[in-house]
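Have the structure open while you read.

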Amino acid sequence: EEPKEEAPPAVEPKEEAPPPVQKGSIDPQVALSILQDAYQGIAKVEYNAQLKAFLILPTDPNFIVEMEMILTGKMSKDDWNYLADSIAKLSGELGPEYLVFLLNPANPDNYILMAENGVIKYDALNEDVKSQDKAL
């Protein structure tokens, strides 16, 4: 039998302990660079400092056609829900002070999905609204 390691005594954390990394302490320019790399060839990503928001505009023709088919009910919502979940997760990783918008490729002044702090705040496909997008 291997000797059991004794658990260290429970101690209150001292002041010299490093502060926990705060979610959202990421520099927006660093995040923008990472997002631009991740979406290269699929979408254009910009940072809007006034809104404290990352704007994702689909540019890949196949991606745009697929989104239009999903939005018009000609294709399964599964891909859309996967995309929405991944954007929600991304917004959680960026932190509570940033928003992430997926813009409508047919009308880039409007968005079809918005997430904040890991939660989808607006989803054009799953909302009971006449208009399928909202103005920024």
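**Core, hairpin and salt bridge**

1. The largest nonpolar core has 37 residues, and those with the most contacts inside it are F54, I56, W80, I87, F101 and L102. Such a core is a set of buried Ala, Val, Leu, Ile, Met, Phe, Trp, Tyr and Cys residues joined through side-chain atoms within 4.5 Å. Two or more residues each come from α1 (28–38), β1 (43–48), β2 (53–58), α2 (61–71), α3 (78–94), β3 (99–104) and β4 (107–116). The largest share, 7 residues, is given by α3. Helices (H or I, at least four residues) and strands (E, at least two) are DSSP runs, numbered from the N terminus.

2. Please keep in mind that this is a predicted model: local features need pLDDT of at least 70, side-chain atom pairs count only at pLDDT 80 or more, and totals for chains, interfaces and linings use all residues. Residues are numbered from 1 along each chain as its sequence is written, and side-chain values use heavy atoms, with hydrogens and water left out.

3. Buried means under 20% relative accessible area, exposed over 50%, partly exposed in between (1.4 Å probe, protein chains only).

4. β1 runs antiparallel to β2, joined by 6 bridges, and Y47 stands opposite F54 in β2. The two strands form a hairpin with 4 residues between them, where K52 in the turn has a positive phi of about 55 degrees.

5. The structure holds 1 salt bridge, between the side chains of E46 and K44 (3.3 Å, N to O). The term requires a side-chain nitrogen of Lys or Arg within 4 Å of a carboxyl oxygen of Asp or Glu. E46 is partly exposed at 38%, and K44 is partly exposed at 43%.

Key. Pairing = 2+ DSSP bridges.
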